[in-house]
Amino acid sequence: MPLQKLSALIDAICNFVICNDSSLRSQPIIFNPDFFVEKLRHEKPEVFTELVVSNITRLIDLPGAELAQLMGEEDPKLPGTNSTASGFFRSLMSLKRKEKGVVFGSPLTEEGIAQVSQLIEYLHKNLRAEGLFRVPGNSIRQQILKDALNSGTDIDLDSGEFHSNDVATLLKMFLGELPEPLLTHKHFHAHLKIADLTLFDEKGNKTSTPDKERQIEALQLLFLILPAPNRSLLKLLLDLLYQTAKKQDKNKMSAHNLALMFAPHILWPRNVTANDLQENITKLNNGVTFMIKHSQKLFKAPVYIRECARLHYLGSRAHTSKDDLDLLTSAGSKELQPLKSQKRSRLDSCHQEETQQRTEEALKELFLHVHNMPDSAKKKKLIRQFNKHPAALTPGSDVPTSPAPRRTRSRSFSGLIKRKVLGTPVILERKSRDSTPEPVRVSKENVQLLQKCGSPAHMSQAKLKSLEGQKEGSCRRMRARLLSKDSSSL
């Protein structure tokens with residue numbers, strides 16, 4: 001596997017999840033904890049930069065000019081830019097860079113990194129060479145290898161034609177010919193401030209002991225806002241130097257020795273001499289030593305940056321600093337019980353509403369079924385049962401209204417006499433069978449009688465029987481009078 005792909009996997013893998021699917025068990029799922037961080041960096045670079053820089057200024061003190069340089073709003077003001085000697089040195093270096101190749105002397109690109117990664121991959125397999133990166137190689141072989149890389153041809157470094165010292169020297173040459181150091185000129189002053197981060201004693205006074213945790217956190221943040229090609233190559237390079245230092249018993253190259261070799265290419269401003277840097281040389285060299293020793297931790301985003309990026313895409317409130325995340329964590333335990341009770345009551349109310357809704361729908365379907373039944377005594381009985389229960393569904397605006405009932409016959413005495421004379425029987429038994437008689441239309445002739453007897457709904461059975469007896473007696477007497485008149489006329 002190429003070194004670049006291996007390094008990318010190491011950077012991305014956080015956890016392996018075992019699949020339940022037997023067909024996928026041989027292919028572990030890779031979870032990248034920085035997924036939302038990378039998404040925010042590519043989709044909303046301005047928001048991402050503001051988020052990271054706000055946390056950088058929380059850790060280190062950057063005056064207005066240095067902060068503007070870090071943000072790219074002003075050109076970096078570097079040491080030694082006004083001296084005559086450095087001006088001559090810069091002009092000499094610019095002449096050397098006039099003949100730019102495809103890889104060497106050109107701005108850093110992903111294509112250039114792909115070519116140089118061949119050198120890094122080869123060196124990973126040859127870390128035991130004594131004096132690696134310190135002993136120079138053969139200049140003729142180096143030129144052949146350089147021309148091959150610039151032309152983009154494939155190189156077989158394992159053929160034995162090139163020595164590990166040739167490859168190591170060519171890698172340093174590539175870094176030295178970049179237009180600016182790998183950590184860029186904009187970050188120069190920020191790295192000087194990181195070197196000054198020290199612990200405090202019990203009285204709050206600064207000590208000479210470096211504050212490693214804050215230095216690692218500040219470097220993590222600074223590396224997040226590096227250009228993508230610079231960050232990729234820096235990851236590959238620091239990993240190589242870390243593995244080289246682990247073999248220092250064989251190659252005699254410690255992390256500090258390697259920092260002396262690579263600090264001018266990684267961190268020193270271009271076109272400056274050691275005299276220009278003066279007291280800052282020690283800070284810069286120690287800073288690169290620290291990067292090599294802790295390289296396995298520097299390319300992971302801080303936890304609060306991950307959480308902020310995740311919340312940004314989930315639509316929740318974003319926490320822009322570590323303090324916000326700590327506050328959220330401490331408050332979470334206190335709010336856990338009220339949230340659980342609220343959730344439980346919310347679920348109970350939702351369950352009750354769902355049950356009530358289903359009941360109403362079932363009643364509506366039942367009423368429609370009864371309404372569509374043909375007219376019968378059973379249908380009338382069911383409708384009366386609906387009317388007895390106010391909680392049950394009754395026909396409303398959304399239910400078709402039943403057809404208007406037939407006009408009820410008059411129950412006045414004159415009407416009864418006419419029907420008796422004409423021979424139409426009065427069916428009183430059918431009405432007495434119904435427990436709830438249909439509403440009766442009261443005529444003017446019966447108003448006084450109804451007022452005397454009271455409301456029909458409140459009449460006792462004895463009063464009803466006496467009323468019916470009075471009606472039948474009056475009918476018999478009237479019929480007898482009519483018959484006597486008819487006989488006398490004959």
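**Figure 1. Overview of the predicted chain.** The structure shown is a predicted model. The chain contains 23 helices and four strands. It has 490 residues, of which 34% count as buried. Its accessible surface comes to about 31,100 Å², and 54% of that surface belongs to carbon and sulfur atoms. When contacts between residues at least 6 apart in sequence are considered, 70% of them join residues at least 24 apart.

Figure 2. Because its relative accessibility is 0% and a residue under 20% is classed as buried, V167 counts as buried. Leaving out residues up to four places away in sequence, V167 touches L119, Y122, L123, L145 and L157. The view also includes I120, which is 47 residues from V167 in sequence. In space, the C-alpha atoms of V167 and I120 are 8.5 Å apart.

**Figure 3. Packing of helix α8 against helix α11.** Two packed helices are described by the angle between their axes and by the distance between those axes. Helix α8 comprises residues 164–176 and helix α11 comprises residues 228–246. They pack at an angle of about 145°, and their axes are 14 Å apart. The crossing of the two helices is left-handed. On the side of α8, the residues that take part are L171, F174 and L175; these meet L233, L237 and L240 of α11. By class, this contact has six nonpolar residues, with no polar and no charged ones.

**Figure 4. The buried face of helix α2.** Helix α2 spans residues 35–43, and its buried residues are V37, L40 and R41. Seen down the axis of α2, these buried residues fall within an arc of 100°, so they line one face of the helix. An α-helix has 3.6 residues a turn, so residues three or four places apart point the same way. The elements that cover the buried residues of α2 include α3 (45–59), α10 (212–224), α11 and α16 (303–314).

**Figure 5. T184 in the loop between α8 and α9.** T184 is located in the loop that joins α8 and α9. Although T184 is not a glycine, it has a positive phi of about 70°. Most residues other than glycine have a negative phi. The relative accessible area of T184 is 4%, and T184 is therefore buried. Apart from residues up to four places away in sequence, T184 touches L226, P227 and N230.

**Figure 6. H191 in helix α9.** Helix α9 consists of residues 188–195 and contains H191. Is H191 buried or exposed? With a relative accessible area of 6%, H191 is buried. When neighbours within four places in sequence are set aside, H191 is in contact with L183, L219, L222, F223, L267 and M291.

**Figure 7. K252 in the loop between α12 and α13.** K252 is found in the loop between α12 (248–251) and α13 (255–266). K252 has a positive phi of about 60°, although it is not a glycine. The relative accessibility of K252 is 48%, so K252 counts as partly exposed.

**Figure 8. F200 in strand β3.** Strand β3 is formed by residues 198–200 and includes F200. At 47% relative accessibility, F200 counts as partly exposed. Which residues does F200 touch, not counting those up to four places away in sequence? They are N205, K206, T207 and R214. F200 and P210 are ten residues apart along the chain, and their C-alpha atoms are separated by 9.6 Å.

Definitions and conventions:
Residues are numbered from 1 along each chain as its sequence is written. This is a predicted model: local features need pLDDT of at least 70, side-chain atom pairs count only at pLDDT 80 or more; totals for chains, interfaces and linings use all residues. Side-chain values use heavy atoms; hydrogens and water are left out. Buried means under 20% relative accessible area, exposed over 50%, partly exposed in between (1.4 Å probe, protein chains only). Contact means heavy atoms within 4.5 Å. Accessible areas come from the Shrake-Rupley method with a 1.4 Å probe; for residues, only the protein chains shown count as cover. Axes are lines fitted to C-alpha atoms, for helices over the stretch in contact, and angles run from 0 to 180 degrees between N-to-C directions. A crossing is left-handed if the near helix is turned anticlockwise from the far one by less than a right angle, and right-handed if clockwise. Ala, Val, Leu, Ile, Met, Phe, Trp, Tyr, Cys and Pro count as nonpolar, Asp, Glu, Lys and Arg as charged, and the others, Gly among them, as polar. The arc is that of the directions from the helix axis to the C-beta atoms.
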